[in-house]
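Here's a quick tour of how the chains meet and what sits between them. Have the model open as you read.

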Amino acid sequence: MQSRFADGTLDKAGEPLPRFGGATFALRFRLARLGWTICWFFLAAWTPSPCNLWRIWLLKRFGAQIHPTAIVRGSVRIWWPGNLVMGQHASMGPGVLCYNVANVTLGDFSIVSQRAHLCTGTHDVDDEDFPLVSLPITIQANAWIAAEAFVGPGVAVGEGAVLGARAVAARTLLPWTIYVGNPAKPVRLRHAAGTV
Amino acid sequence: MQSRFADGTLDKAGEPLPRFGGATFALRFRLARLGWTICWFFLAAWTPSPCNLWRIWLLKRFGAQIHPTAIVRGSVRIWWPGNLVMGQHASMGPGVLCYNVANVTLGDFSIVSQRAHLCTGTHDVDDEDFPLVSLPITIQANAWIAAEAFVGPGVAVGEGAVLGARAVAARTLLPWTIYVGNPAKPVRLRHAAGTV
Amino acid sequence: MQSRFADGTLDKAGEPLPRFGGATFALRFRLARLGWTICWFFLAAWTPSPCNLWRIWLLKRFGAQIHPTAIVRGSVRIWWPGNLVMGQHASMGPGVLCYNVANVTLGDFSIVSQRAHLCTGTHDVDDEDFPLVSLPITIQANAWIAAEAFVGPGVAVGEGAVLGARAVAARTLLPWTIYVGNPAKPVRLRHAAGTV
């Protein structure tokens, strides 16, 4: 409590704390993100599936490390390309939300299906200032995040793992294992285990 | 059954029942709602984050009881502002769906994160006419409804309670308790309990 | 493995396999689907609730078997009308996603509420080529798929069954039974059982 100014609504620099309406990120980064959002909206969001190489090119300009065979649909929303790594033939389907405040890494041939949510951000609920906590998401090769599934902050998805439609993963998913439900629970091994 | 007209598809006033395509609400209210929807679409839905005071002003014109420090993003969808109460620093993040057929009340410093759904409407599944049932949602101070969570009709969220990402609450949530899953189950107390 | 060409990235006709960026459907069908998507976007997606008969007419032109009393909101997204069957007073609410790669059949008076997802497509996770598998969804008369629920491939929803808000059905739902949760579990019988 000693670290607060005046009425406890300001941080050490005298700026409002986030829970009092203050900003979490520096102005310079917020402007870069604004530029990115505008670029994607006007140049890519409406482009049909076959314009994939154009979208990959655009993502690279904003700092994404992305293989030319990766697939990103126009309706995908990426928070910041500089925090995105995609291997060969990795793909994000229509309406995927990639909220990559921390890094999101998609291994070779990993698939993120339509309207899935990769969410790297949360808040420290045990800190009274409720600060943003961001933890990277890593999805290994050949894993499949099915339609409308949710991958939480800090989750590592093992090679070839499957997160079923609408399933919600808050913890590490073991390789070549199929998970369903909210919260996600393992149901069986994938028979293709080790053969791809 | 005696209350029905003719072939059982009309109500007492001779209007079609909702399940036969009839309207649930009176024409006058439907027109007011249409006006609200058009206003928000043209005047607020596309406005960026910093235009918050303008959106608060607009919500007040349509009957919302809302503190000037509350935060409502442009991409929020509110069914009817007249059924909305928001305390100081209460906030609704990007893409929140506030389906407030009955009242929705957000206490001071309560946070509803991106794409969460506050749903006050359901249907009486045990009545053959399948009538709309709407029950208020009350979210107490300092509670957090995390990303893409769902709060059902009649739910009371206690002070400081946390409903995790994608969790689905159909019942009362106890104060300073963290819930996850669908259906939501308590996992632990919040360590900040009572200290905010 | 013998059926593959060259480096294993091509099918028997020499086209790239889907997981190497190849197409799942024939060009002719993809063009028909493109035509449908464009038609709905420009002619129907923005139309308000009362223009229902116009939308039904449009769906019929593209092959839907649909009763004139059925209700389809403009914000509904239908993958292919030729795979859609809707009985009298069957309805799909705002934002429903009908991903009908295989047939979707809605019985008389069945209701699919806002933002529910009827998903007929999945992938064979035990086949190293990860082929698309599509299985029909059948929803019997008087059943209710509540807001934001998810119905998976091959699911048969029995007469009068209820799938609660946000619930996820991967298996057959018994008649006049109420299911909630992810995965969906039965909670009780519907008291209107057999009386509608």
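## Where B meets A

Contact here means heavy atoms within 4.5 Å. By that rule, 22 residues of chain B are in contact with 20 residues of chain A. This is a predicted model, where local features need pLDDT of at least 70, side-chain atom pairs count only at pLDDT 80 or more, and totals for chains, interfaces and linings use all residues. Residues are numbered from 1 along each chain as its sequence is written, chains are lettered from A in the order in which they are written, and side-chain values use heavy atoms, with hydrogens and water left out.

Together, chain B and chain A bury about 1,700 Å², with 57% of it on carbon and sulfur atoms; buried area is the accessible area (1.4 Å probe) that two parts lose on being put together, summed over both. On the chain B side, B:Phe109, B:Trp144 and B:Arg166 give 32% of the area buried against chain A, more than any other three residues.

## One salt bridge

There is 1 salt bridge between chain B and chain A, meaning a side-chain nitrogen of Lys or Arg within 4 Å of a carboxyl oxygen of Asp or Glu. A:Asp126 pairs with B:Arg188, and their closest N and O atoms are 2.9 Å apart.

## Turning B into C
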